[in-house]
Amino acid sequence: MSRLPLSALLVDDDEDFRSSLAMLVARDGFAVREAGSLAEARARLEEAPADLVLADLLLPDGEGLDLLRDADPERVGELILITGNASVESAVSALRQGVLDYFTKPVDRVRLKSILANVARTRSLKEEVRSLRTELRELGRFGAMVGRSPVMQRVYDLVERVAPTEAGVMISGESGTGKELVAETIHRLSRRRERPFVAVNAGALAPGIVESELFGHERGAFTGAERTRRGLFEGADGGTLFLDEVTEMPAELQVKLLRALESGSLQRVGSSETIAVDVRVLAATNRDPEQAVKQGLLREDLFYRLNVFPIAMPPLRERGDDIELLAGHFLAAVNEREATEKHWSPAALRRLRALTWPGNVRELKNLVERAAIMADDVIGEDLVPCAAGAVSPAGEEIRVRVGTPLADSERRLILATLAQTGGDKRRAAEILGISVKTIYNRLSVYEAAATPAGREGDR
Ligand SMILES: Nc1ncnc2c1ncn2[C@@H]1O[C@H](COP(=O)(O)OP(=O)(O)OP(=O)(O)O)[C@@H](O)[C@H]1O
Ligand SMILES: [Mg+2]
């Protein structure tokens, strides 16, 4: 990172200790200032803010922690506490109040070095998030997310706040609102960004294999387990695990998941060996999470763990001008890919605004792709369905002759409904009054039937 050196303020009444610490911190590239008391520290911070304040827990005129409470928060970048061995416990409680870290006297140089490196990382993350924010104001986007409506700005604020932390996040919202995109953005703005982002769709996995998919298995754990395999959870070590459709996860597995999160370790199926894993979990659901808890779909203890930080994605129909912005964004992507220069007619854009978008951003994206293929230069209103037309669930129809086998009619109905929802399985399941799992099961049957060689293994 090429920027001015980070600045540090050391606050301790023990002068000898302070100057030896100053040497160590300066050696790591910080511009160092010193203070012998809280009052002096406040005066120094008034003169100029500090990226990092290292303060003794107990000072002649108060506690180091007071700086976090009384001093101008803008002027205290990160606070790290120094403590004698006896007071480690109070230092730990300080962590919960927003202190970045703490260390004990005498200074362990290796630990100090890693803490200081962490400060630089945290500061640069926060800086990046801040510059994303400026970008947002100018262009109406935040990372890969497009939109400048007030409801989306609120989402960006939440993402900005939670990304650099280790907190669990529960992202809720209708299908196609961008829940996975938000999860990816949080990961990209977190300390874990260099490590994997692993997405698991609990609804799409067959109940029998979810556990081994998630936690891995030992060779011979069950019939067919020919080799030892790492699970997705282990694969996300050091990174982020995105649990999509978390309410579809079997209850016993929710218990195991919670245990793994709380202990920071897991056991593969068929093994008693404990493996340490360091994973941050982000979860998503199309349901109202609290309702899902009441219905017994989501375990309450897991809910509390994930719901440390809830983010509710607004439906597209509540995002006003974002519809045009997104339509332009998706068309620009098509133009780029196809080397074309197609554009929207004003009437077509007006029509987009009038639709209700049950499939949200995904539906809009699909519509843009289709319309761009059909249009020559200008995308006219004829390529956008009317507000009361094909997009509403009651729109299209399929004809079935009396005497058609039930399985055939069912197949056509399911596929037609999926086509109408833009491939959104949850929404199709809702319309048809069946479970999402049934949709997945049917689709795998249709897929197998379409493969000439027949079934290629149970999936
Ligand atoms: N604000 C946005 N800006 C640009 N693209 C978006 C935005 N929101 C969603 N998308 C795009 O729309 C599509 C659907 O988004 P995503 O898969 O994140 O939705 P989802 O809420 O997870 O849907 P589901 O509930 O069906 O899983 C993706 O292609 C995504 O990149
Ligand atoms: Mg999704």
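How many bridges join strand S1 (residues 7–11) to S2?

Mentor: Five: there are 5 bridges between S1 and S2, and the two strands run parallel. Before we move on, some ground rules. The model is predicted: local features need pLDDT of at least 70, side-chain atom pairs count only at pLDDT 80 or more, and totals for chains, interfaces and linings use all residues. Residues are numbered from 1 along each chain as its sequence is written, chains are lettered from A and ligands numbered from 1 in the order in which they are written, and side-chain values use heavy atoms, without hydrogens or water.

Now widen the view. S1 and S2 belong to an open sheet of 5 strands, ordered S2-S1-S3-S6-S7 and paired in parallel. (Strands are DSSP runs of E, at least two residues, and helices are runs of H or I, at least four, numbered from the N terminus; two strands pair if DSSP finds at least two bridges between them.) Strand S2 (31–35) and S7 are the edge strands, and each pairs on one side only.

Follow the chain onward from S7. Between strand S7 (101–104) and helix H5 (109–139) there is a loop, and Pro106 sits in that loop. Look at the peptide bond there. Lys105 and Pro106 are joined by a cis peptide bond, with omega at about -5°.

There is a second open sheet, again of 5 strands. Its order is S11-S14-S17-S10-S18, and its pairing is parallel. Strand S11 (197–201) and S18 stand at the edges; each has a single partner strand, so one side of each has no neighbour in the sheet.

Take S10 in this sheet. Toward one neighbour, strand S17 (residues 280–285), S10 makes 4 bridges and runs parallel. There, Ser172 has Thr285 in S17 as its bridge partner. Toward strand S18 (residues 309–312), S10 again pairs in the parallel sense, over 4 bridges. Here the partner of Met170 is Pro310 in S18. S17 also pairs with strand S14 (residues 240–244): 4 bridges join these parallel strands. Within that pair, Phe242 stands opposite Leu282 in S17.

Next, the faces. In a regular strand the side chains alternate between the two faces of the sheet. Both faces of strand S10 (residues 169–172) are covered. Val169 and Ile171 are buried on one side, and Met170 and Ser172 are buried on the other. (Buried means under 20% relative accessible area, exposed over 50%, partly exposed in between, with a 1.4 Å probe and protein chains only.)

Now turn to ligand 1. It is surrounded by 17 residues, and the closest are Val146, Ser175, Gly176, Lys179 and Arg362. One is 2.7 Å from an N or O atom in the side chain of Lys179. An oxygen atom of ligand 1 is also 2.9 Å from a polar backbone atom of Gly176. A polar side-chain atom of Asn286 lies 3.4 Å from an oxygen atom of the ligand. On its own, ligand 1 has 630 Å² of accessible area (Shrake-Rupley method, 1.4 Å probe), and the protein covers 85% of it. Strand S9 (145–146), helix H7 (179–188), helix H13 (322–338) and H15 each give two or more residues to the shell.

Two of those elements lead to further details. Start from S9. In the loop between S9 and helix H6 (150–162) you find Ser149. Ser149 has a relative accessible area of 6% and therefore counts as buried. Its side chain makes a polar contact (a pair of N or O atoms within 3.5 Å; within protein, one must be able to donate a hydrogen and the other to accept it, and sequence neighbours count only if both atoms are side-chain atoms) with the side chain of Asp322, at 2.6 Å.

Finish at H15. Asn360 is found in helix H15. Asn360 is not a glycine, yet its phi is positive, about 55°. Its relative accessibility is 0%, so Asn360 counts as buried. Trp357 lies in the loop between helix H14 (346–354) and helix H15 (360–374). The phi of Trp357 is also positive, near 55°, in a residue other than glycine. Trp357 has 0% relative accessibility, so it counts as buried.

Methods. Near = heavy atom within 4 Å.
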